[in-house]
Structures are given as structure tokens and as C-alpha cells.
Amino acid sequence: MAEETYSPATTEWYYPPDEVVENAHVPDYEAVYKEAMQDIEGFWAKRAETLDWYEKWDQVLDRSQAPFYKWFVGGKTNITLNALDRHVQTWRKNKLALIWEGEPGDKKTFSYWRLWQETNKFANVLRGMGVKKGDRVTIYMGRVPELVIAMLACAKIGAIHSVVYGGFSEQALADRIEDAQSRVLVTCDGAWLRGDIVRLKDTVDEAVRRSPVVETVIVVKRTGHEVNMEHGRDYWYHDLMSLPIATPVCETQVMNAEDPLFILYTSGTTGKPKGVLHTHGGYQVYTATTLQWVFDIKDEDRWWCAADPGWITGHSYIVYAPLILGATGFMYEGAPTYPYPNRWWKMIEEYGITILYTAPTAIRGLMRFGDAWPNRHDLSSLRLLGSVGEPINPEAWRWYYKVIGKERCPIMDTWWQTETGGFMITPLPSVPLKPGSATRPFPGIEVDVVDEEGNSCGPNEDGKLVIKQPWPSMLRTVYGDPDRYVSQYWSEYKKQGWYLAGDSARKDEDGYIWVIGRIDDVLKVSGYRLGTAEVESGLVSHPKVAEAAVIGVPDELKGNIIYAYCILAAGLEGSDALVDELKNHVRHEVGPIAVPARIEFVDKLPKTRSGKIMRRVLKARALGQPEGDLSTLES
């Protein structure tokens, strides 16, 4: 099954229904792509003109300090001007912006008017806490509406939000607080997941102890269990929102197009996570355009991006782009299979969801329960499906297409990254599909698969995925570390001025792109990106482990699982009990998503003479494959 995932040898074509093509925002991909490539700046200026600006830009793209590109230079805006402010001046003020369901079954809805008011109130609370333009606010929450409100409130007053996924551990959270130097942190007492409480506030307390830069913690009461509230530091969200300062009107901070909007930390090849920085102007233009064209968003749609707002998918396609487009979004707090494997299908039927966007891991997980669960529900409201996070294997693609989409709904299989801000390689609803391929680049995006020297690879040859032209929602830098930004993304093909994506890929004879996986020491597990160094650091921080190396190996359900090799401290021997102990240690130090599925105890690790661990050798061993040339290994 894993082999099938990456094979471009498929001869299957799936053609969109005529009505989908006729009603699509972009019925002719080839014509629009050609037009965009002839004048990239003119193309993006035209898209930017569909949004509101306080002042129009003087220059669409400034290449003078490449690779530190600037977009819509001189433009004055704020992403909340387009996501909220402009809608409350129109009929959309009474339209549903967000429908939410908690795992226990509680429900909330927010019209654009109410979401605007709640955002204004919390923006005023933050201002009252001394938060001003340029300050960083860390957000560590479950999937609740207050997370969306907190992000929008930060943007509204010009603060930079740093959302940390609620599955990360104390140390991971502390590292991100420390790097961003956040004085204010917003969290929940807990979150519901699979019927249990995830104790977010406990994690926050420990993280703040490790990184005491935080002065104020604002806590949303979600689960209602007893939590520690430190006097003078911790405040209940509902108490603050009932104060006179929390008025429902708040002036939006006028921002330059290039002013920072958020930092989002992503794993790199070193232990320290990278703070990817995005800005107001280009990001709003690109995310809104991509969502509108790829998922053909119409006013009557009910859009469900089933990601977590703690990842870029949630930033771009749960929070910002749907609101900019005036869409109705749906958000669910809990697990897809709780209490039964029909939870998602039941909600699609109940709320009339028209577009579902999720990860291959979720699709494979639900597929395991068979066809009977989805077949007992009316899924006829669905008109488009989407996939994100990792390449989708054709078997899961076909099940998604046939069982969930009833062979009516084209699947938009999107490739993109935290760094890109929005979809980069993706079908449009009018484009013929091949299961397992992300198809072609979005209009205005020039990608290629190249060899080490930068030559284009031939059809079906493995190479490195590069992006040849800047795009509006590109990351602007690594927060506080511009040298790392240059070395990580722009140094390998410096002469050509290309962005290195860090993924290997193939291009088939039809020009369709097949993404294979990471070429650096980054793992993709259940669609989440984890640095090998983060997991290894978690293992080595245990006193019984002297050295560790981790790899990703193919797994039918998760795409990849983490396989760890550990050298123990002198005189110690491995055991099943120690395996469990190390797994619990990693869960505590890094987070549940980083726990190795397998841990093997070894006497030594294969290394080059310069000391670099040869992970390809470890992977070959784990898979029982030939280990290849070992001549460069230390003896």
C-alpha cells in the first residue's frame, strides 16, 4: 500500500462532472495559468483589488532584497478589515460565520456580527492588558471558538499571534514562548478528546514555570475541572469579557502590508523549532484566492476544514480565508470516531456540509471501519472533497471518492507548507484528477522537479521540488533568525534564486506532480511535521539513553510511524518496561504525536566519518531492505 502511494505509473483519470466545470470560479485552468505566468505581478494585483485596503500599494512586488521579498509595498490594511469589518457593513452581518460543535455535543453559532463583536471585546481586553502593536501573544487551546476569536483579536490590534498546537508538551510550549518572548498567553482549562479531558492549563503552568517571560495567562473555561489559578497572573476569560473595558466596538489597527500577522513554529532539521513569519497583506490575498478557486467557495456553502487551528491549515483555511470570503465555516472539537465511527458523517448530514477538507490519516482511519458507517447517513450535501498534510495513497483516494463522495465530488489533493501559507500544487475543480497526485501548480506559481545541479528531471524521475518565483503568502523570514531563513530555503539553489521546498517529487509525462516525501531529517506522521532532532532530544533527555536516532517508516494508517534506535547508558540493558518508560518520557517532553511506535536498543548507530547519522541505513534495516553503499561509514 505504501508503494502505491508514490507511484505516478497510474493510468487512472477521473474527470469532473460538467456542472462542476461550468459553475467553477476557474473553468479553464490552462488559460488562467498561462495568463498568470505572462504577468505575475499584474495577476496578483488583480486579485488584491478584490479586497479592501485603507491605502493602495505603490509596488506589487519588491525583489530588491531577495530572498527577503516584499509584497504590496506601501499598502495599508489589516486582515480583520477583510475578515470581519467589511462584512458587518453588508447583508453578511447576519450570515453564519462559524458553526461549532463540541465533542460532548454542545453547540454554538456565530454570525459575522456576533463574531465581530466578540473579537472587538477580546481585542479591548488585550489592549487593557497592555498588549500593543508588534507584541507577541501565545495561544495554546483546544478547538473552540475562543481560539478563533483570540487570533482575530490579536490581528485586529496589530499584535502577532503564535498559536501552539494543544498536543504539544510543556517543554515544546516553553520553547515557543521563549523564542517569541510572549508576555501574554491565552489557553483553556482543558479540552475534550475521546471522552477525556486534555489538561491544557496544567501544561501551561509547567511551561510558564520553565519560561517565566509570561506575565498574564487568560483561561477559557471549557471543561470546568479544577485548575490552579495563580493570583495576579491568571484570569478567567469570561470574567474579563464581562468587564466594562470589553466593549463590542474596537478600532482596527491600520497595518502596513508587510507588518507581521503571526508566527507559527514548524519543525526543522535542528532541535530548535523555526518560527515561520507571515504578514497581513500578501497572506490575505493568497489564502483568499486559493480557497475561492480550489474549493469553489460560494455564498451558500458550508465549509468544513477538519484540521486544528494550531497548524497552518487551520490558520489559513479555518480562520482567515473562509472569513475573508464571507463563507460559513464549521468546526468540531473532538475525535473523528467518538463516540462512534460515524461522528463525522452524522455532522455532515446534520449541518448540510458541502465541502470537506481533511488529512489522509483521518480518511484511512475512518476507512478501517468499513462502508456501513458512512452509508447509513445522507451525504448528498457534499459537492467537493479535499486532502491535505501528506500524499494520499490511491486506495484511500478511491474510497474517499466512491464511498464519501459517491463518485460525484472531485477531490482537491493539495500540497503546501507552513512556509507557503496557502495551496501551491493543487487541482482546481475543473481539472482531471489522478489518484495520488497533487496535479499541477496553482495559477501564478512556478514549480519544478530538479536534480542537484538544478536541471529539470525527466518524466517520472525523482528530484527536489523547487518554487521558482516568489508568491504573496510566502514566509518572510524565520523569526529572529534571518540567516536560518536564507540557509534553510534559499541556499541550495542560490544562483537560480529558487525556494527549496525540502520535499522530493516526480513529474509525470502529463506534467502532474507526485510528491514523495521529505528529503531532510523531518518526519511526517499523521500529516504532522516533526523534526527528528526534537524526538531524539526527547529520548536523550532520559538519563538511561546515551544516544538516539529516529526515522519514519511507512504505515498503512498513519502514513509514517516513528521508529527509534537507542543506545543505552553503559551497563544498562533494554526491556519492554524500559520501552514503555521511554515512550511516556517522550510523551511528556515533546508530546503524544512524537511518541515512537517502536523502540529498538542497539550498541551503535551507523555514522559517517564526520559523525552524521546515516538514517537511510537505519530505514533500510527497519524495512529489511539492502543497506547500499556503506563505504562512508566510520569503522
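How far is the sulfur of Cys 188 from the closest cysteine sulfur, and which residue holds that one? The gap is 14 Å, the partner is Cys 154, and that is too far for a bond. Keep in mind that this is a predicted model, where local features need pLDDT of at least 70, side-chain atom pairs count only at pLDDT 80 or more, and totals for chains, interfaces and linings use all residues. Residues are numbered from 1 along each chain as its sequence is written, and side-chain values use heavy atoms, with hydrogens and water left out.

**Cysteines**
- The structure has zero disulfides, a disulfide being a pair of cysteine sulfur atoms within 2.5 Å.
- Cys 188 is buried at 0% relative accessible area; buried means under 20%, exposed over 50% and partly exposed in between, with a 1.4 Å probe and protein chains only.
- Cys 457 is buried too, with a relative accessible area of 15%.

**Asp 503**
- Look for Asp 503 in strand S24, residues 499-507 (helices, H or I of at least four residues, and strands, E of at least two, are DSSP runs numbered from the N terminus).
- Asp 503 is buried, at 6% relative accessible area.
- Its side chain makes a polar contact of 2.8 Å with the side chain of Trp 415; that term means a pair of N or O atoms within 3.5 Å, where within protein one must be able to donate a hydrogen and the other to accept it, and residues adjacent in sequence count only if both atoms are side-chain atoms.
- Leaving aside residues up to four places away in sequence, Asp 503 touches several others, including Gln 417, Lys 464, Val 515 and Arg 518 (contact means heavy atoms within 4.5 Å).

**Helices H14 and H16**
- The axes of H14 (residues 360-367) and H16 (residues 394-404) come within 10 Å and cross at roughly 70°; axes are lines fitted to C-alpha atoms, for helices over the stretch in contact, with angles from 0 to 180 degrees between N-to-C directions.
- H14 and H16 are therefore roughly perpendicular, the label for 65 to 115 degrees.
- Ile 363, Arg 364, Leu 366 and Met 367 in H14 meet Glu 395, Ala 396, Trp 399 and Tyr 400 in H16.

**Helix H13 and Glu 300**
- In H13 (residues 343-351), the buried residues include Trp 344, Trp 345 and Ile 348.
- Gly 352 follows H13 and has a positive phi, near 65°.
- Glu 300 sits in the loop between helix H11 (280-294) and strand S16 (302-305), and counts as exposed at 62% relative accessibility.

Technical notes: Parallel < 35°, antiparallel > 145°, perpendicular 65-115°, else oblique.
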